[in-house]
Amino acid sequence: MQIAVLTFDGYNELDSFVAAAILNRMHGAGWKAHIAAPTPLVTSMNGVTVERQKPIEFAREADAVIIGSGIRTREIAADPAMLARIKLDPARQLIGAQCSGTLLLAKLGLVGDLPACTDLTTKPWVIEAGVNVIDAPFVAHGNVATAGGCLASQYLAAWIIARLAGERQAEEALHYVAPVGEKDVYVDRAMAAVRPFLGAAVAV
């Protein structure tokens, strides 16, 4: 499985790196989560500059895509040329958005009037875009999911793993990163957030 973690200038490190790290726990099964960005280098909201692993266009061929958030999301959402570079297909891909990434998902026409999650800072902008924002950390509708709050990135990662590989594999990935002495509680809490949205079938 190839996963694109869309990361833009002004990105939130927790959104991009936590999700990518958990997803890459599946490397033994041939999975790879890539930091995909529109430019060769992107700098975070806290000044951390990283080199992209894939261009933003990689999103169109990935099996799953996570749209991260950041302090420049409103600018990106208002840039038709940038949005045109992001081609997603919810009939074929799992697509998740984190915090202000939900705004980009809305601008791409993948939310509609479905309930969605975002962070508290971004909430007014997402509502302004016509999205029905709910007070929850995670929600999914078919192959499209949204999460609200930086540490909810673990839910997006767990959802993707559970959908594409099964719940046991998601639990094992979460167990590895969970704090010592709290692993069972941590895994149970995370899986309780995503399990209602897994459905009976595993995505292909």
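Colleague: In S6, which residue is the bridge partner of Ile-3?

Modeller: In this predicted model, Ile-3 has Ala-64 of S6 as its bridge partner.

Colleague: How many bridges join S1 to S6, and do they run parallel or antiparallel?

Modeller: Strand S1, residues 2-6, is joined to S6 by four bridges, and the two strands run parallel.

Colleague: And which residue in S7 is the bridge partner of Val-65?

Modeller: That partner is Ile-95. S6 pairs with strand S7, residues 94-98, in the parallel sense, again over four bridges.

Colleague: Which way do the side chains of S6 point, and are they buried or exposed?

Modeller: Ala-64 and Ile-66 point one way from S6, which covers residues 64-67, while Val-65 and Ile-67 point the other way. All four of these residues are buried.

Colleague: Let us turn to helix H1. Which of its residues are buried?

Modeller: H1 spans residues 13-23, and its buried residues are Glu-13, Asp-15, Ser-16, Ala-19, Ala-20, Ile-22 and Leu-23.

Colleague: What do those buried residues pack against?

Modeller: They pack against the strands S1, S2 (32-37), S6 and S7, and against the helices H6 and H7 (167-177).

Colleague: What lies within 2.9 Å of the backbone nitrogen of Leu-14 at the start of H1?

Modeller: A side-chain oxygen of Asn-12 reaches to within that distance of the Leu-14 nitrogen.

Colleague: Now the largest nonpolar core. Which residues touch the most other members?

Modeller: The core has 36 residues, and those touching the most other members are Leu-23, Trp-31, Phe-138, Trp-159, Ile-160 and Ile-161. Helix H6, residues 153-165, supplies the largest share of this core, with nine residues.

Colleague: What does Trp-159 touch, leaving out residues up to four places away in sequence?

Modeller: Its contacts include Leu-94, Ile-95, Phe-138, Val-144, Phe-197 and Leu-198. There is also a second, separate core of 29 residues, with Ala-97, Ala-116, Val-131 and Val-144 among them.

Colleague: How far is Ile-127 from Leu-103 in space?

Modeller: Their C-alpha atoms are 8.9 Å apart, with the two residues 24 apart in sequence.

Colleague: And Gly-101, is that buried or exposed?

Modeller: Gly-101 is buried, at 0% relative accessible area. The residue is found in helix H4, residues 101-107.

Colleague: What is Gly-101 in contact with beyond its sequence neighbours?

Modeller: Leaving aside neighbours within four places in sequence, Gly-101 is in contact with Ile-67, Gly-68 and Ser-69. From Gly-101 to Ile-66, the C-alpha to C-alpha distance is 8.4 Å, across 35 residues in sequence.

Definitions and conventions. Residues numbered from 1 in each chain as written. Predicted model: local features only at pLDDT ≥ 70, side-chain atom pairs only at ≥ 80, totals over all residues. Heavy atoms only, no water. Core = buried A, V, L, I, M, F, W, Y, C linked by side-chain atoms within 4.5 Å. Buried < 20%, exposed > 50% of the residue type's maximum accessible area, 1.4 Å probe, protein only. Contact = heavy atoms within 4.5 Å. Pairing = 2+ DSSP bridges. Polar contact = N/O pair within 3.5 Å; in protein donor to acceptor, adjacent residues only side chain to side chain.
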